[in-house]
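Thanks for making the time; I would like to walk through one structure with you. Please keep the sequence and the model open while I talk.

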Amino acid sequence: MAIEVEKEELSIAAAELSKALPDVVVADSVVPEAYVWPKEELAHVGHDEYAGDDEIPVIDLGGLNGDLDETRRREICDRIRVALGSWGFFQVVNHGVDLALVERVQAISKKFFELPLETKELIDCTFEEDRLLGYGFLVANKDRTSRRSWSEGLFMDSPHVALYSSTFWPEDHDIQTEFSEAMEEYIKAVGEFAIRLFRLILGSLGVDYPVTESERFLPKEPALIRLNHYPPCPDPSLASGLVPHYDGNLITILHQGDVGGLQVMKDDQWHAVRPHPGAFAINGGNMLQAISNNLCKSALHRAVVNKDEDRYSLAYFVQAPNSNGDQVAPLPELVDAEHPAKYHPFTWKEYIASQVVNIASQQIISHNALEYFEVK
Ligand SMILES: O=C(O)CCC(=O)C(=O)O
Ligand SMILES: [Fe+2]
């Protein structure tokens, strides 16, 4: 299926993604009109209103790097299968990524967001090839007004780290190095963790490929990361940190620090994800839903803001799987007469094109671009 995107549509989409935060920064005790969302769209659940008895599972991966015995591995895979099938989300602790490194990245991310707006805007958010890169804000909603998100973010991948650090801190070589080294190390460490995690997810689906085979599935292009900052908001019930959305990619590995704000839709209700020290929140994106033939759910999620504290999160997006040459399709092991393929094979490029059409027509909220590729 080919979806063509006009150049003009791309540039509209990119324009919609910039120029928002000045109002947030100057806001004192009021939420400016552009950030006020209708109550019925927000279904307010406070950033720390955790359900207690019905929360996304926290899975301990301790031992995963060493000699994890087969019984324990099976237990972990079983929990992952249930979590991805029902929530589309789980948290992991003892994941093996050095927590001191996570702290370093959080600290340098904070330093970046403290820079003056005009410095951050030196690298404005734009499409490069088929990915968004740079500093900006997501402006999107379904009825074509220009309501904005109460957040700012920096999209980046490994090939751009050096350029970004020298642009943001042209005079200060120490901070340049601090930024570049922390980002490169983080991208590498989380990338290695992503491979281990992906093998567990495949195992949870009963698809156990040898190591080299399962790595074959992982994307060829570099992972994308997004640093997010949500400033305190005078009235969180009126604003939206990040609009409800589905992640398009394969798996997202999110560090949400110790201030809550991530919320996940399950059974038509928003559930606040409780921060656990050192944990990553993992969610399957649309590509995982497609290759798992809907066994893993790509869940609608959002970020809410709070009145008192700045919140910083780090999202690491494992991009498209390379499941069948360049095509994404349900894994053959998961398709039979009783379980027919739910998706036509498609390429990542086609998927991105369909998503861009959504962004250009401001249809992000609650709309899943994967629908274009469903077998009807
Ligand atoms: O900051 C968060 O908690 C959510 C971030 C997120 O969903 C994203 O960047 O796609
Ligand atoms: Fe997301």
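Let me begin with a definition: I call a residue buried if 20 or more other C-beta atoms lie within 10 Å of its own, exposed if 12 or fewer, and partly exposed in between, with the C-beta atoms placed from the backbone. This is a predicted model, in which local features need pLDDT of at least 70 and side-chain atom pairs count only at pLDDT 80 or more, while totals for chains, interfaces and linings use all residues. Residues are numbered from 1 along each chain as its sequence is written, and chains are lettered from A and ligands numbered from 1 in the order in which they are written.

Helices (H or I, at least four residues) and strands (E, at least two) are DSSP runs, numbered from the N terminus. With that, take helix α5, residues 99-113, where the buried residues are Val-102, Val-105, Ser-109 and Phe-112. Seen down the helix axis, these fall within an arc of 80° (taken over the directions from the axis to the C-beta atoms), so they line one face of α5. Leu-99 and Ala-100, on the other side of α5, are exposed.

Now the sheets, where I count two strands as paired if DSSP finds at least two bridges between them. Nine strands make an open sheet with mixed pairing, in the order β1-β2-β11-β8-β13-β6-β5-β4-β3. Its edge strands are β1 (58-60) and β3 (126-128), each of which pairs on one side only. Within this sheet β8 and β11 are antiparallel over four bridges, and Leu-254 has Ala-281 as its bridge partner in β11.

A further open sheet has four strands, ordered β7-β12-β9-β10, with antiparallel pairing. Here β7 and β10 stand at the edges with a single partner strand each, so one side of each is left without a neighbour in the sheet.

Finally, which residues surround ligand 1? Counting a residue as near if its C-beta atom, placed from the backbone, lies within 6 Å, the shell includes Arg-226, Asp-247, Leu-254 and His-301. Strands β6, β12 and β13 each supply at least two of the shell residues.
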